[in-house]
There are 2 protein chains.
Amino acid sequence: MRTVHVELGERSYPIYIGSGLLPQAAAYLIKHGLSAKSPHLIVTDEKVASYHLETLQTSLEKAGFRLVVSIVKSGEGSKSLSVYEEVMTSAIQGGLDRNSSVIALGGGVVGDLAGFVAATYMRGISFIQMPTTILAHDSSVGGKVAVNHPLAKNMIGAFHQPEFVLYDLDTLTTLPPREVSAGLAEMVKHGLIKDKTFAYWCKDHAAELLALDLDALGYGLERGVAIKAEVVSQDEREGGLRAILNLGHTIGHAIEAVGGYGEFLHGEAISIGMAGSALLAEALGRGDGIYAETTSMLTALNLPVVLPPHLNEDELMAAMMHDKKFKEGTMVFVVPDSIGSVSIVKDIPQTLVRDILKQLRKGGEVHV
Amino acid sequence: MRTVHVELGERSYPIYIGSGLLPQAAAYLIKHGLSAKSPHLIVTDEKVASYHLETLQTSLEKAGFRLVVSIVKSGEGSKSLSVYEEVMTSAIQGGLDRNSSVIALGGGVVGDLAGFVAATYMRGISFIQMPTTILAHDSSVGGKVAVNHPLAKNMIGAFHQPEFVLYDLDTLTTLPPREVSAGLAEMVKHGLIKDKTFAYWCKDHAAELLALDLDALGYGLERGVAIKAEVVSQDEREGGLRAILNLGHTIGHAIEAVGGYGEFLHGEAISIGMAGSALLAEALGRGDGIYAETTSMLTALNLPVVLPPHLNEDELMAAMMHDKKFKEGTMVFVVPDSIGSVSIVKDIPQTLVRDILKQLRKGGEVHV
Ligand SMILES: NC(=O)c1ccc[n+]([C@@H]2O[C@H](COP(=O)([O-])OP(=O)(O)OC[C@H]3O[C@@H](n4cnc5c(N)ncnc54)[C@H](O)[C@@H]3O)[C@@H](O)[C@H]2O)c1
Ligand SMILES: NC(=O)c1ccc[n+]([C@@H]2O[C@H](COP(=O)([O-])OP(=O)(O)OC[C@H]3O[C@@H](n4cnc5c(N)ncnc54)[C@H](O)[C@@H]3O)[C@@H](O)[C@H]2O)c1
Ligand SMILES: [Zn+2]
Ligand SMILES: [Zn+2]
């Protein structure tokens with residue numbers, strides 16, 4: 001088993017990563033001082049429940065924990081205020097008190113939703129994450145929890161750090177291949193922003209990662225989580241540094257929005273976005289060959305790097321402008337300096353961004 | 001002007017109390033570093049808006065602040081998730097960003113609602129309280145913000161400290177007399193739990209307080225706020241000590257619940273509850289004459305001290321049992337030791353509580 005410590009003063013917590021952890025869940029709750037006297041709430045989604053809920057329930061019930069279970073529909077739609085209210089109702093009816101915890105068993109959707117419930121039930125109770133997607137290695141570090149408002153994603157939320165994260169690699173075996181690749185996009189992103197060696201390691205071990213080889217996956221998640229933890233420790237409330245985690249996200253969010261959420265998985269969209277950032281780096285005269293290097297890493301992980309023709313340039317620009325408040329005519333981007341290092345660059349002309357989108361559509365070939 | 005500092009480390013904030021403050025609101029926003037570049041959201045209720053919104057708006061708009069205004073219905077019903085969502089919608093449509101603030105202009109209802117919006121909009125933005133009730137001297141200290149769930153009051157919320165509190169005594173002149181007395185119940189409570197001199201001062205200045213004399217009101221609110229601030233500073237997240245603030249509240253909440261919220265104002269219910277706690281103190285052999293002293297203070301402020309006949313004893317007991325998780329057969333109460341000092345007493349037999357309710361119904365006469 002591997003353990004990463006997220007250092008946040010009195011809100012520090014460990015992330016346990018390994019095989020066979022879910023059947024031992026009860027031991028971890030006990031180790032972290034959670035009481036069997038109070039009921040605990042498991043929040044999960046329909047798909048995850050069908051594969052992994054029983055394992056968790058069995059472990060906890062055998063140890064005498066009383067459980068309340070709230071199963072929501074799979075997908076982003078469950079990150080809504082109405083589902084939030086339903087989960088709150090289960091919590092109240094189940095008699096959760098200040099010593100209870102909310103356990104998120106699932107991907108980023110369940111984690112964000114359950115985390116917001118934990119942050120606000122009786123003004124905040126304990127939260128435990130049990131991620132079942134690769135993408136959730138990203139969402140389980142940093143304490144950001146949220147639901148969506150019909151007008152904007154992640155608009156309603158809080159910062160609420162978990163007591164601990166229990167990352168059982170065995171749960172990942174049921175994950176569809178597209179979800180695997182999408183999760184690996186955030187993993188390689190962590191290499192691209194801060195660790196050249198790790199970025200190349202992801203490329204070199206792409207086959208093992210895609211095959212969910214336990215050793216490769218364990219190491220990759222450990223490094224991915226550790227890099228994110230390092231950034232978050234230095235900037236818990238998102239003052240500045242944390243912005244580097246948004247590599248590829250400005251274009252990525254626009255792709256998700258214009259594609260109408262659902263066409264692209266988040267990891268796929270930011271993969272194209274990271275290819276775009278590499279093109280931007282070259283256009284700004286930074287490090288030669290970054291685009292070729294970046295896209296070779298992404299394609300090795302079966303990730304898309306070309307902007308599809310049906311996504312309209314004006315709509316993408318509008319979505320990016322809406323996403324952030326940009327000063328008249330210029331935009332802010334996270335831009336690679338080289339593989340493993342990035343900077344926040346302000347004052348990027350909108351005309352240049354339009355050029356990049358055009359190149360991105362042709363797989364960079366305009367540029368070459 | 002009087003200023004009370006609530007000491008909470010980096011979350012410390014000042015409470016400004018005085019006459020003529022609302023017309024100068026802009027100067028306070030500027031003093032506290034709030035930027036006119038970002039829009040700010042005023043949350044208020046229909047009644048308060050009709051009397052005091054224009055004064056606030058004029059001050060802020062003259063100084064160049066852009067405002068979004070959300071006016072909710074008066075009354076506890078606005079502390080709901082659906083009203084919360086409406087206010088969130090106004091915030092998003094109004095383009096609030098991370099440098100915006102939410103300004104609560106109103107009583108405890110508006111303060112709790114607006115505070116929960118501020119705590120969770122974009123994972124937390126600045127919050128400013130401008131209380132317009134006497135009761136809100138209590139709710140503006142401590143950072144507790146919340147909305148109600150249909151199944152339980154204040155169940156969904158957070159801790160979110162304001163940047164500052166601007167308490168303009170002039171706004172209180174439009175408050176109905178029943179609301180004045182109800183607010184004074186929490187003021188005298190602050191004396192009863194921690195400051196004998198202040199408790200007697202409230203009684204001796206009852207006439208001035210009821211007449212909203214500026215000097216008396218200013219001093220009373222300053223002391224009330226300061227006592228609450230002292231308790232909260234020592235126990236921000238409600239670990240233990242803060243429980244003494246619940247003097248009269250166990251019985252009080254039961255009266256509100258059984259009376260069907262609306263029959264009694266919160267302050268009226270806890271006034272009867274504090275009379276009950278005094279009876280309990282005497283039954284436990286603590287300080288002679290506490291009941292007579294306490295009720296003389298409360299009646300001087302036009303507050304009720306007798307439990308009305310139509311509130312069923314079994315229902316009251318059930319409401320109290322539901323309110324807190326009591327161990328089999330016993331209950332926990334905040335009990336006066338003497339005027340100005342209280343203790344948390346565990347293991348109070350339910351049978352004794354029933355006796356107290358019976359005495360309370362007869363205005364203590366069974367006991368005398
Ligand atoms: N809080 C943060 O810091 C943060 C960071 C990144 C992303 N996010 C959020 O995370 C969400 C995306 O996360 P996600 O990609 O994990 O989405 P998800 O939770 O929706 O999971 C993706 C899909 O895989 C299914 N699934 C999950 N685990 C499975 C398993 N083990 N076997 C089979 N199917 C499984 C789910 O039912 C769902 O259909 C977004 O809402 C995003 O905003 C949050
Ligand atoms: N957060 C806390 O620590 C805390 C503490 C105590 C109470 N509370 C909450 O506070 C709420 C009660 O507060 P409240 O008594 O101020 O209630 P409130 O805000 O509903 O105000 C009472 C009534 O007076 C009206 N009003 C307010 N100011 C007025 C003015 N200046 N002139 C004329 N009318 C005016 C309101 O419209 C309302 O009808 C409850 O929801 C309670 O849970 C919170
Ligand atoms: Zn992401
Ligand atoms: Zn009260």
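These are my notebook entries on how the parts of this predicted model touch each other.

**Ground rules**

I am working with a predicted model, where local features need pLDDT of at least 70 and side-chain atom pairs count only at pLDDT 80 or more, while totals for chains, interfaces and linings use all residues. Residues are numbered from 1 along each chain as its sequence is written, chains are lettered from A and ligands numbered from 1 in the order in which they are written, and side-chain values use heavy atoms, with hydrogens and water left out.

**Entry 1: two copies**

**Entry 2: where chain B meets chain A**

I looked up the contact (heavy atoms within 4.5 Å), and 31 residues of chain B and 31 residues of chain A take part. Of the interface residues of chain B, 100% are also interface residues in chain A, so the copies meet through the same surface.

Next I wanted a size for this interface. That is often given as the accessible area lost when the parts come together. Here buried area means the accessible area (1.4 Å probe) that two parts lose on being put together, summed over both. Chain B and chain A bury about 2500 Å² between them, with 61% of it on carbon and sulfur atoms. In chain B, the residues that lose the most area to chain A are B:Ile92, B:Arg123 and B:Met155, together 30% of what that side buries.

How many salt bridges cross from chain B to chain A? The rule (a side-chain nitrogen of Lys or Arg within 4 Å of a carboxyl oxygen of Asp or Glu) finds zero. I did get eight residue pairs in polar contact, both at pLDDT 80 or more. A polar contact is a pair of N or O atoms within 3.5 Å; within protein, one must be able to donate a hydrogen and the other to accept it, and residues adjacent in sequence count only if both atoms are side-chain atoms.

Helices (H or I, at least four residues) and strands (E, at least two) are DSSP runs, numbered from the N terminus. The largest share, seven residues, comes from α3(B).

**Entry 3: two domains in chain A**

The domain assignment (automatic or from a database) gives chain A a domain 1 (2–174) and a domain 2 (179–361). Their centres, taken over C-alpha atoms, are 27 Å apart. Domain 1 puts 24 residues into the contact and domain 2 puts in 30. The area buried between these domains is about 2500 Å², and carbon and sulfur atoms give 67% of it. On the domain 1 side, A:Arg2, A:Ile134 and A:His137 supply 26% of the buried area, more than any other three residues.

I counted two salt bridges between the domains. A:Arg2 also turns up in a salt bridge with A:Glu222, where the closest N and O atoms are 2.7 Å apart.

**Entry 4: salt bridges overall**

My search of the whole structure gave 26 salt bridges over all chains. One pair I looked up is A:Arg354 with A:Glu313, the closest N and O atoms being 3.0 Å apart. This pair links distant parts of the chain, 41 residues apart: A:Arg354 sits in helix α14 (residues 350–361) and A:Glu313 in helix α13 (residues 313–323).
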